[in-house]
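Okay, thanks for coming, everyone. I'd like to walk you through one model today, so let me put it on the screen.

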Amino acid sequence: MNNHIPHHSIPNTQDPDPQFPNPNEDPNPNPPPQPQPRRPRGFAATNTAAGATNKSRKEREKEKERTKLRERHRRAITSRMLAGLRQYGNFPLPVRADMNDVLAALARQAGWTVEADGTTYRQSPPLPNNNAASCLGPYQVLSVESPVSGSSLRNCSTRASVDCQPSVPRINESLSPASFDSIVVTESDTKADKFTSTSTMNSTECLEASRLMQELHSGEHGIGLSGTQYVPVFVMLSSGLINNFCQLMDPDSVKQELQQLKSLKIDGVVVNCWWGIVESWVPQKYEWSGYRELFNIIRDFKLKLQVVMAFHENGGSDTSGMFISLPQWVLEIGKDNQDIFFTDRQGRRTTECLSWGIDKERVLRGRTAIEVYFDMMRSFRTEFDDLFADGLISAVEIGLGASGELKYPSFSERMGWRYPGIGEFQCYDKYSMQNLRKAATSRGHSFWAKGPDNAGYYNSKPHETGFFCERGDYDSYYGRFFLHWYRQVLINHADNVLSLATLAFEGVQMVVKIPAIYWWYRTSSHAAEVTAGYYNPTNQDGYSPVFEVLKRHSVTVKFICSGFQVPETDDALADPDGLSWQILNSAWDKTLPVAGQNAFPCYDREGLMRLVETAKPKNDPDHHRFSFFAFQQPSPLVQSAICISELDYFIKSMHGEIIITMES
């Protein structure tokens with residue numbers, strides 16, 4: 001018997017070395033198939049499967065609960081981190097920021113450049129070679145905050161452009177975020193990645209000196225605005241130019257003022273068209289003669305025009321000191337039916353504007369409030385069709401509430417309000433209360449059909465009330481229901497009016513003014529904003545739902561900018577910068593164009609520069625800017641020589657024509 005066994009049938013029990021293969025191994029092994037284990041059958045199979053299923057289901061449920069707890073814990077930590085970065089670090093984080101946004105903000109704060117696709121690198125000074133020196137001349141350092149734009153290089157040769165650019169360190173994209181601390185960055189040649197042409201051109205044509213100054217200006221004690229984006233500036237004309245009989249009071253004075261404004265190179269003017277003047281005496285009888293004369297003068301000066309459809313009264317608080325009420329025929333109706341006006345909890349009425357409760361109630365001589373607004377807008381569009389055709393009227397602002405802003409008249413000085421009072425809810429007219437009862441009944445809690453009875457008074461402070469204090473009733477089941485309803489009435493009003501305004505001004509840019517209610521912003525309840533209709537406590541985003549509706553109608557959001565800083569000892573816990581950051585980013589996140597207007601008539605140089613910084617955020621990675629700025633002047637400009645130089649400086653700064661230096 002031959003006891004010799006072929007070498008390929010001997011099993012190898014040792015781990016083979018992949019670098020040194022066993023020469024005795026068969027290069028094409030064909031092992032025999034292994035027998036499959038028998039499957040249990042009958043009751044055994046049933047019990048085994050059921051047990052495994054039940055066990056796996058329980059494990060999955062437990063794992064889900066553990067995952068939920070971990071996620072809640074993570075979100076709580078994230079929320080506190082984001083709040084701290086925004087409040088104390090002034091990080092430009094979006095409203096719904098994620099960790100990518102946080103990493104990008106931290107990287108930019110540390111001096112890195114983070115592009116939109118996530119590419120991250122650090123700018124470094126150009127190498128000291130002759131090409132770079134000839135291209136940049138005396139300016140050897142490129143500003144990280146103001147990189148050279150692509151348009152400024154359009155006349156450069158490709159090779160010269162590459163030599164002018166700072167070398168860009170590369171980061172291995174396969175590295176995890178946790179490994180960033182230990183990254184060793186090496187510079188690599190970026191020429192082959194982005195440029196392939198090898199044509200040559202005189203390097204002196206790379207960058208013009210003036211363009212370079214605009215692009216590269218960055219000082220240790222200054223803010224570079226030269227060469228920044230162009231923001232058009234419109235100046236608001238006084239309401240006293242047109243009297244209550246719709247007559248232009250002093251045409252020569254208007255021409256003199258417009259001549260002065262024209263010399264300052266403003267882009268246009270803003271004119272209020274008052275409902276109380278145009279339709280003052282008889283319903284649907286409109287008088288436009290004074291505005292026609294004014295608009296013709298503006299056209300002669302070749303200035304753009306923005307018009308405000310002002311459906312509120314003017315209490316004489318602007319520069320004119322002229323009181324303009326709602327139409328007289330509306331006030332006559334109000335004598336018999338006071339519920340057409342906003343009403344507070346004590347039953348006091350404000351005639352500043354009509355209650356939103358009658359938007360669809362035929363109480364205005366057979367018309368609803370919405371129809372009344374639409375009829376005036378349609379009359380204006382028909383009367384000045386030639387100005388629209390000529391492009392003179394560039395935008396129309398739609399007044400949607402008190403002071404022309406989208407808000408309730410919750411802090412009216414006529415009612416005794418004084419800063420920094422929280423204001424009062426304005427929903428106690430019978431039409432609004434009917435709406436509230438309907439909403440409460442639909443919710444299944446008819447006893448919720450009432451306003452809060454512990455929300456204080458106009459000049460109360462949040463901690464003095466049971467509704468707005470820390471952990472107050474504003475965050476109870478009833479409180480959340482009421483405040484959601486209160487805000488929804490505001491949103492519905494804006495939606496209804498803008499739907500018809502879109503028909504009247506088809507193809508024309510429409511503007512909606514948003515208030516700046518910054519006092520008590522650093523409290524949990526945000527009481528002053530809430531009474532004005534913006535449900536914006538710390539656990540809610542009160543502006544995003546409003547901007548969703550405004551986006552539907554393609555409007556421009558005009559934000560009222562305070563232009564001043566709150567002292568550290570402020571007792572109202574105000575935060576104008578925090579409010580501005582939230583509103584602007586919420587609007588820009590919705591891709592809405594944003595404009596600005598100053599809240600107070602006159603500023604010093606420092607206050608004006610804060611307006612410029614708000615209009616053109618210097619650290620915004622997306623390079624947002626205001627689409628225009630409406631400047632409210634302190635008095636007729638020709639009588640205010642002191643402010644002329646300040647306004648000229650402000651306009652040039654908005655236009656990006658000068659370099660601003662401020663002491664550190």
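C273 isn't in one, and its nearest cysteine sulfur, on C246, sits 8.2 Å away. Before I go on, keep in mind this is a predicted model, where local features need pLDDT of at least 70, side-chain atom pairs count only at pLDDT 80 or more, and totals for chains, interfaces and linings use all residues. Residues are numbered from 1 along each chain as its sequence is written, and side-chain values use heavy atoms, with hydrogens and water left out.

Is C273 buried or exposed? At 0% relative accessibility, C273 is buried; that label means under 20% relative accessible area, exposed means over 50%, and partly exposed is in between, with a 1.4 Å probe and protein chains only. C561 is buried too, at 2%.

Now the core. By nonpolar core I mean buried Ala, Val, Leu, Ile, Met, Phe, Trp, Tyr and Cys residues joined through side-chain atoms within 4.5 Å. The largest one has 160 residues, and Y291 and F295 touch the most other members. Helix α14, residues 477–504, gives the largest share, 14 residues; helices here are DSSP runs of H or I, at least four residues, and strands are E runs of at least two, numbered from the N terminus. Apart from that core there's another, of 7 residues, L82 and L93 among them.

Back to Y291: leaving out residues up to four places away in sequence, its contacts (heavy atoms within 4.5 Å) include C246, C273, W274 and F384.

How do α14 and α16 cross? Their axes, lines fitted to C-alpha atoms over the stretch in contact, with angles from 0 to 180 degrees between N-to-C directions, come within 10 Å and cross at roughly 10 degrees. So α14 and α16 are roughly parallel, the term for angles under 35 degrees. On the α14 side the contact includes L490 and I491, and on the α16 side V549 and L550.

Last, the backbone. Most residues other than glycine have a negative phi, and most peptide bonds are trans. Here, Y419 to P420 is cis, with omega near 5 degrees, and P420 is in the loop between β13 and α13. K265, not a glycine, has a positive phi of about 65 degrees; K265 lies between α7 and β7 and is exposed at 56%. R365 has phi near 55 degrees, and R365 is exposed too, at 53%.

Methods:
Disulfide = S-S within 2.5 Å. Parallel < 35°, antiparallel > 145°, perpendicular 65-115°, else oblique.
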